[in-house]
Amino acid sequence: MSVINFDFRNEVISHNASLSYCYQCATCSGACPVALATAGKYNPRKIIELSILGLQEKLIEGADVSIWLCSTCQTCVELCPQEVELTEIFTLIKNRAFEVGKIPEGFQLQGQAIIDNGVAIPYSKAIESRRENLGLPMVKTAPVDEIKTILKETNFENNILKVGK
Amino acid sequence: MAYDVFLGCVIPARLPYLEASARKVFTRLGIQLNDVEGFSCCPDPTGIEQIDHKTWLALGSRNLSLSKNKNGGIISFCSGCVETLKGVNYYINKDSEAMKEVNTILKKVGKKYDGKTKVKHFAEVLYENLAKVRKNVTTPLYGFKVAIHYGCHYLRPSEVIDWDDPFEPKTIDELVKALGAESIDYDMKMECCGNPVEKTDKDLSLLLIDNKLKSIQDAGANCVVVVCPACYQQFEFNQRELNKKNNTNYDIPIFYLSELLALAFGIKPEEIGLRFHRVKPNALFESTGFIKEG
């Protein structure tokens, strides 16, 4: 049985009022490259419908959560006749999922790399010498402590620790 | 014009040869690129933004605050970085609460950001200098049948990127033609490469790139050009895997736009590390007579 979460529904609408403009025409799903490739297993119209209905569980915690399959190509956003900002709404939902530790491992790994290095890919010795051979300058990236301070402030570091727990 | 160069994560730390070609091309064009210390991950609009919008705004604003170049602003060789930096500007300029919140966070590290740093994609700057590009072509790329992959974040959301047409773009087509190459139309030209879904579903990601490569092969293109390192990896790193998995015979060289310019400007393949490509362009060079073997 599905439980309606009105607080969740209201939060999404107050964050992005364009959600309530959707009249379920499915222009988004028709143009979505992932919907096409997955024969509709990923269905942006359906995700918007679940959001309007406030079915938070189905979007974040259920066994058939598909919101993470969005490729962020933004085709739906460009084409929506009602100017619903689908990607922004999906981002909000994924952000809520992150707060309860429900994100795919690939996202966690990237987050942890940035906590550890300030950048998503650390510089290996091999790459540094390859850069030198190509005549490229040394890159001085952000001080890790400074980035960590920001990531503590936004609670990012804490939320990453929750993933998979 | 001078720009502060924002390298991002993938190009400098994994694909530095792409950076080498871009820097050489800009030097040829007389456009100055200044290196700035202290940038972090942009952060990734297909990764960090998806899980934490506030962190995305804060780190993005910190990066933008480091550019003191009030004329040109920032240039990046990566479509993801450009989308993030333009997107952060877009959000904090339309939402004063977000701007305030970001600056409260930045204050903890002694920084502040006013939302005013300009951001450009390197292809945007090349297009603005199209006449100069034409003038620098010494070895035209005759016989190169190029399948252009614009990629999603180079174009959309158009309200944020505010640049080429989101569905009928022309900028890279014109640049490619200016080099003496041909732009080949193919069915899946405007489709996503599939890289962002790799974090969730590797097989789906492979299916998306397989569909594109098939369409490119069917159209008779002999190489691909991209302007984003995520697309580049998706196209180049997966060909061998797909061939093993599906018995396909993909062997399509993938070029960065800057590499095509460098080659057309007469810069030698060894100067831009073309040997680091996994799919070697040798057969293309021979068949087009671009570089004779031996």
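Predicted model: local features only at pLDDT ≥ 70, side-chain atom pairs only at ≥ 80, totals over all residues.
Residues are numbered from 1 along each chain as its sequence is written, and chains are lettered from A and ligands numbered from 1 in the order in which they are written.

Chain A contains 11 helices and 0 strands, where helices (H or I, at least four residues) and strands (E, at least two) are DSSP runs numbered from the N terminus. The C-alpha trace of chain A spans about 55 × 30 × 25 Å along its principal axes. Its radius of gyration is 19 Å, whereas a compact globule of 165 residues would have a value near 15 Å; the radius is taken over C-alpha atoms, and the globule rule is 2.2 Å times the number of residues to the power 0.38. Of the 165 residues in chain A, 41% are buried (20 or more other C-beta atoms within 10 Å of the residue's own, with C-beta atoms placed from the backbone).

In all, 49 residues of chain A are in contact with 53 residues of chain B, a contact being a pair of residues whose C-beta atoms, placed from the backbone, lie within 7 Å. The elements of chain A that give two or more residues to this side are α3 (33–37), α6 (75–79), α7 (86–99), α8 (105–117), α9 (125–133) and α10 (144–153). The largest share, 6 residues, comes from α10(A). The side of chain A that touches chain B divides into 28 nonpolar, 14 polar and 7 charged residues (Ala, Val, Leu, Ile, Met, Phe, Trp, Tyr, Cys and Pro count as nonpolar, Asp, Glu, Lys and Arg as charged, and the others, Gly among them, as polar).

In chain B, 4 strands form an open parallel sheet in the order β6-β5-β7-β8; strands pair if DSSP finds at least two bridges between them. Because β6 (182–183) and β8 (254–256) of chain B stand at the edges with a single partner strand each, one side of each lacks a neighbour in the sheet. Strand β5(B) (residues 145–148) pairs with β6(B) over 2 bridges, and Lys145(B) has Glu182(B) as its bridge partner.

The largest nonpolar core has 132 residues, and those with the most contacts inside it are Val224(B), Val225(B), Val226(B) and Leu260(B). Such a core is a set of buried Ala, Val, Leu, Ile, Met, Phe, Trp, Tyr and Cys residues joined through C-beta atoms within 7 Å. Residues up to four places away in sequence excluded, Val224(B) touches Ala147(B), His149(B), Ile216(B), Phe235(B), Ile252(B), Ile254(B) and Phe255(B).

Key
Buried ≥ 20, exposed ≤ 12 C-beta atoms within 10 Å, placed from the backbone. Contact = placed C-beta atoms within 7 Å.
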